[in-house]
Amino acid sequence: MSNKIKVMTSGNLAFAEAMRQIDPDVVAAYPITPSTEIPMKFADFVANGRVTSEYIAVESEHSAISACVGASAAGARVMTASSANGVALMHEIFPIAASFRTPIVFGLVNRSLGAPVNIHCDHSDSMPERDSGWIQIYCEDAQEVYDSVLLAVRLAEDPRVLTPVFVCQDGFITSHCYEAVELLSDEAVKNFVGERTPQYPLLDTDDPVSYGSFTMSEYYFEIKRNQMEGMNNVLSVYAELAAELERETGRNYRPVENYRADDADYLIVVMSSAAGVVKDVVDELREEGVKAGALRVRFFRPFPRRELASLAKGKRGVAVLDRSASIGGTAPLSSEVKSALYALDKRVPVQEYIFGLGGRDLYAKDARAVFEKMIAGEYGEEARFIGLLEKDDEDERA
Amino acid sequence: MSKPQSWQEVPPGTVAFGASALKVQTGLWRSSRPVVDAAKCVSCLKCWIQCPDDSIALGSGGKVEGINLFFCKGCGLCAKVCPAGAISMHPESGFAHEEQRDGEHPGEVGAHVK
Amino acid sequence: MSALNIKELTKKENPLTQGHRMCPGCGAPTAIRQALMGVDCPVVVVGATGCMEVSTTVYPYSAWRVPFMHIAFENAGAGISGVETAYRVLRRKGKIGKEIKFIAFGGDGGTYDIGLQSLSGALERGHDFTYICYNNQGYMNTGAQRSSATPLAANATTSPAGSTSFGKLQRAKDLTEIVAAHNIPYVAQTSLHNPFDLIAKVKRAVETPGPAFVNVLVPCPLFWKIDASEQADICKLAVDSKFWPVYEVAEGKYSLSYEPKQPRTIEEFLRAQGRYSHLFKKGSERLDLVEEAQRDADESWAKLLEKCGR
């Protein structure tokens, strides 16, 4: 392993530092809380000659992602960042980017969608993009953000994948809080990410191609299915890349983190920073003789169905904590988990929970209550809300 | 590449290859056909520069040789702009006695000179 | 540009091929074809959604001999910004050796309305590209809905002439002036009345470093309700009636490119197209609107002359 340094930094700054070391060709970005620091820090790098990239200070998020698609289709290595309504404004272009197979790496700093306007963390900005064709990786802490950015560049650009990537982190909680992060040397990063070898770049005027044709029904379906194959290859390619990076860092994040789940009776399934609280509670309960465990889902797209099903198999109960709702339907993570568990011969009871909307924290007592309800065998068909102020109604208590 | 292909074979990224439209026989749209009178034509190239479909066939030195019937849509612009009155429009049905034009090589010129 | 050079133009392969699906007699492919005749450098083209983009790239057939990209309707300006920036970076890093020029185009829909923001951003940031607006004064690809470029009293399918409405109620937006207000090095307005004017203007636009913009009035025979062969004639009438002045703004300096020697009236221009026929219908004439349109044209012309120092 080469030289590494340990610094006190935040998720945003760790992302920006990774960007500096990667030194992408083009960054087109627009500020929005809580991701603003990323383009701001990067612009600073550009202004001080610490990167060779060009920064396009676009006039909206829609133009940010459009310029990214243009630059990436042209053959450049491209990165950007956004949150919340900025991500929503980009929504139209995400499927186009995925369809064009542009390997853009995107720092999605999770923040709630308006209305009402709230600048704090939940996953309601990234979840609507789960059908966009982009890879989604959810990070628990700043270290994981840093490592994931490096992996994301290689993953996105791999010819078997060629799919853009969202590297998600919780707004303010991860993006702004300081923790110890181990950084690789500039050289190690450069060696790991290498150079991009674009397929069908627009700037190849000797072999001209046209992107984004008007396509009738006899061609569209096959083009889409071809695109899907890139996503189908992600987990196997990721395993290779994670093993490669592990040689440098000593860390290897699986698509689903298994926290004391093997011999557990009861599991909480959760994503991102809230997993930290859950893991603490798992440890407490274990001390008390309860076989609790946790699964932290890191890849939401592609969803690691088989891995999750094999980890949840035979459990007495599973509770899924979603940090966003799919209003009128099953919450996103719950929906994926239930779908994955459908394949099991023996049914595992699943309780759907919604928590943390608009940045409301998950407390240890909340996680403990979730386990206790499972232990008491209390499951309901409807989703339960954690930490929500409700008028007390005996009949409606789940 | 003109027939639908299996999903495994389509080029990635929605990519279509440059100038592949040269295979599209837009001449099949025609309901009237321009005819060039070589005796009147002075190769001023006003028709060539105005044609939305680049269907005025030129020879060496920019000399007008006729109409590219593979592509010509029969809009009649060339006849309109010709200052010498060298181009006239005729109903396409009048040429029905000729061979079917399927598979005609793009760029093949039909120079019907009076 | 003299007639001698037209022979030179015939030697070049045009970036736009035959085999596209634009309507017979459409002004847009003539405009793009002519526009690109004067460009000597390899080009990359980004097009906004619209007739020209859809009809030149019906998968798997592309009528572009040069690299082409269509992303969406409102972002040709942003798309070209990304491509052009990637080019500058990759050129600087030695990964690209040749000079390439960048052309974005959009119809009036993708330029005046939904695409205005991204165009403005690209102009303001000073990217080195040329934007060509092929302006047929309506959202023609979807069936002639009104745009902000549709002229006063024209019949459009979302501003139709009916018993309680005379068609488009508002005057057309002056986008050329909005673009000129961005203080970019070169702005021009022209039509298909004279190919050499269009060729020269786009050539100048492309060769000018920085952002450049050319607004080209082109007819849509189907929805202007004229014959397919009328393309050149209707544009001549448009410029001769001062409906569409032909001018340039180079480094902020205005100059008139064309002054009609035999001026025509706005009424002549309107009468020549079916999209205004409701103004002349016996029993429900609206000649007052024709007069208003004439006054508007005269006032705009006077203001333009003043800017040109005349």
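Guide: Between them, chain A and chain C bury about 3,200 Å², of which 61% is on carbon and sulfur atoms; buried area is the accessible area, for a 1.4 Å probe, that two parts lose on being put together, summed over both. On the side of chain A, the residues that lose the most area to chain C are Leu203(A), Thr205(A) and Phe214(A), which together make up 19% of what that side buries. This is a predicted model, in which local features need pLDDT of at least 70 and side-chain atom pairs count only at pLDDT 80 or more, while totals for chains, interfaces and linings use all residues. Residues are numbered from 1 along each chain as its sequence is written, chains are lettered from A and ligands numbered from 1 in the order in which they are written, and side-chain values use heavy atoms, with hydrogens and water left out.

In terms of contact (heavy atoms within 4.5 Å), 43 residues of chain A meet 44 residues of chain C. The interface of chain A and chain C holds five salt bridges, a salt bridge being a side-chain nitrogen of Lys or Arg within 4 Å of a carboxyl oxygen of Asp or Glu. A salt bridge also joins the side chains of Glu54(A) and Arg88(C), with an N to O distance of 2.6 Å. Between chain A and chain C there are 19 residue pairs in polar contact, both residues being at pLDDT 80 or more. A polar contact is a pair of N or O atoms within 3.5 Å; within protein, one must be able to donate a hydrogen and the other to accept it, and residues adjacent in sequence count only if both atoms are side-chain atoms.

Four elements of chain A, namely strand E3 (54-57), helix H3 (61-74), strand E9 (209-211) and helix H8 (217-232), each supply at least two residues of the side that touches chain C. Helices (H or I, at least four residues) and strands (E, at least two) are DSSP runs, numbered from the N terminus. H3(A) gives the largest share of that side, nine residues. By class, the side of chain A that touches chain C divides into 22 nonpolar, 13 polar and eight charged residues. Here Ala, Val, Leu, Ile, Met, Phe, Trp, Tyr, Cys and Pro count as nonpolar, Asp, Glu, Lys and Arg as charged, and the others, Gly among them, as polar.

E9(A) runs parallel to strand E4 (residues 68-70) of chain C, and two bridges join them; two strands pair if DSSP finds at least two bridges between them. Within E4(C), Phe68(C) is the bridge partner of Ser210(A). E9(A) is also joined by two bridges to strand E1 (residues 16-17) of chain B, in the antiparallel sense. In E1(B), Ala16(B) is the bridge partner of Ser210(A).

The contact with chain B can be described in the same terms. It takes 16 residues from chain B and 18 residues from chain A. Chain B and chain A bury about 1,400 Å² between them, 64% of it on carbon and sulfur atoms. In chain B, Trp7(B), Pro12(B) and Thr14(B) lose the most area to chain A, together 44% of what that side buries. The count of salt bridges between chain B and chain A is zero, whereas five residue pairs are in polar contact, both at pLDDT 80 or more. The side of chain B that touches chain A has eight nonpolar, seven polar and one charged residues.

The C-alpha trace of chain C spans about 70 × 45 × 40 Å along its principal axes. Chain A has 13 helices and 16 strands. For its 398 residues a compact globule would have a radius of gyration near 21 Å, and the 21 Å of chain A agrees.

Definitions and conventions. Rg over C-alpha atoms; globule rule 2.2 N^0.38 Å.
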